[in-house]
Amino acid sequence: MADVELIRSLLTPHPDFPKKGIVFLDLFPILRNPLAFETLVTHLVHHITSTTISPVVAGAPTRAPTKVDVVVGLDARGFLLGPIIALRLGAAFVPVRKKGKLPGKCVTATYEKEYGSDSFDMQADAILPGNNVIVVDDLIATGGSAKAAGALVHQLGGKILEYVFVVGLKFLKGHEQLDAPVYSMIEIEE
């Protein structure tokens with residue numbers, strides 16, 4: 001798939017960032033290339049519309065939901081993809097931010113990540129009970145931040161249809177912690 005290879009070719013690894021032993025994969029070169037950025041967004045939206053919410057899978061009708069109500073984007077790179085995907089799907093966008101960064105009443109979830117612990121907030125009125133939700137971020141490693149976002153969605157009564165990532169570090173098995181299907185455009189095995 002040429003689109004996947006284009007995106008893979010533009011991901012830039014930065015060893016020992018933000019701390020020793022971590023290899024940070026930089027998404028920003030993709031955003032600086034309009035063709036690559038459009039390719040990335042189109043690929044993810046196509047996946048969601050053709051697989052996640054498609055009424056037909058492998059030629060057989062399914063009971064898959066036919067609409068995404070909310071796209072949740074994780075702080076901070078999920079904010080770069082989430083609003084665009086939400087607009088293309090006709091859905092609302094809801095940010096999940098670091099604790100204390102959102103105004104008004106919020107729900108909170110604490111999580112462990114690959115280099116420490118943190119807490120996420122979501123505004124308490126951002127998701128309605130029964131809303132169909134897609135959670136979007138750039139990368140899944142250990143799965144802690146995505147799991148916390150999922151906990152916030154569930155606290156508000158939403159239903160997660162899928163977790164969607166640009167990159168999945170499959171060897172860290174973060175996808176195994178999540179309570180809904182996971183899609184990573186690029187999977188890294190080691």
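Histidine 47 is buried, because its relative accessible area is 10% and the cut-off for burial is under 20%. The model in the viewer is a predicted one. Select histidine 47 to begin; this residue lies in helix α3. Leaving aside residues up to four places away in sequence, histidine 47 touches Thr52, Glu162 and Tyr183.

**Helix α3**

Next, select residues 34-52, which make up helix α3. How far apart are the end C-alpha atoms of this helix? They are 26 Å apart, and this agrees with the 27 Å that the 19 residues should span at 1.5 Å a residue.

Now display the side chains of the helix. Buried positions in α3 include Ala36, Thr39, Leu40, Val41 and His43. Leu44, Val45, His47, Ile48 and Thr52 of α3 are buried as well. What covers these residues? The covering elements include the helices α1 (2-10), α2 (28-31) and α4 (78-89). Also among them are the strands β9 (132-140), β10 (159-169) and β11 (182-188).

Move to the start of α3 and select asparagine 33 together with leucine 35. A side-chain oxygen of asparagine 33 comes to within 3.1 Å of the backbone nitrogen of leucine 35.

**Aromatic pairs**

The whole structure contains three aromatic pairs. One of these pairs joins phenylalanine 17 and phenylalanine 24, with ring centres 5.3 Å apart. The planes of phenylalanine 17 and phenylalanine 24 stand at 85 degrees, so the arrangement is edge-to-face; the cut-off for that class is over 60 degrees. Is phenylalanine 24 buried or exposed? Phenylalanine 24 is buried, with a relative accessible area of 15%. Phenylalanine 17 has a relative accessibility of 47% and therefore counts as partly exposed.

Select phenylalanine 79 and phenylalanine 93 for another edge-to-face pair, with a centre-to-centre separation of 6.3 Å and 85 degrees between the planes. This pair links distant parts of the chain, since phenylalanine 79 belongs to helix α4 and phenylalanine 93 to strand β6 (residues 92-98), 14 residues apart. Phenylalanine 79 is partly exposed at 24% relative accessibility, and phenylalanine 93 is also partly exposed, with a relative accessible area of 27%.

**Backbone geometry in the loops**

Most peptide bonds are trans, and most residues other than glycine have a negative phi. The following stops depart from that pattern.

Select the loop between β1 (12-15) and β2 (23-26), where proline 18 lies. The peptide bond from phenylalanine 17 to proline 18 is cis, with omega near 5 degrees. Aspartate 16 is found in the loop between β1 and β2 too. What is the phi of aspartate 16? Its value is near 60 degrees, which is positive although the residue is not a glycine. Aspartate 16 is partly exposed, with a relative accessible area of 41%.

Continue to alanine 76, in the loop between β5 (70-74) and α4. Which peptide bond is cis here? The bond from aspartate 75 to alanine 76 is cis, with omega near 5 degrees.

Lysine 173 has a positive phi of about 60 degrees, although it is not a glycine. With a relative accessible area of 47%, lysine 173 is partly exposed.

Note on methods
Residues are numbered from 1 along each chain as its sequence is written. This is a predicted model: local features need pLDDT of at least 70, side-chain atom pairs count only at pLDDT 80 or more; totals for chains, interfaces and linings use all residues. Side-chain values use heavy atoms; hydrogens and water are left out. Helices (H or I, at least four residues) and strands (E, at least two) are DSSP runs, numbered from the N terminus. The expected span of a helix is 1.5 Å times one less than its number of residues. Buried means under 20% relative accessible area, exposed over 50%, partly exposed in between (1.4 Å probe, protein chains only). Contact means heavy atoms within 4.5 Å. A polar contact is a pair of N or O atoms within 3.5 Å; within protein, one must be able to donate a hydrogen and the other to accept it, and residues adjacent in sequence count only if both atoms are side-chain atoms. Rings of Phe, Tyr and Trp (its six-membered ring) pair if their centres lie within 6.5 Å; planes under 30 degrees apart count as stacked, over 60 as edge-to-face and the rest as tilted.
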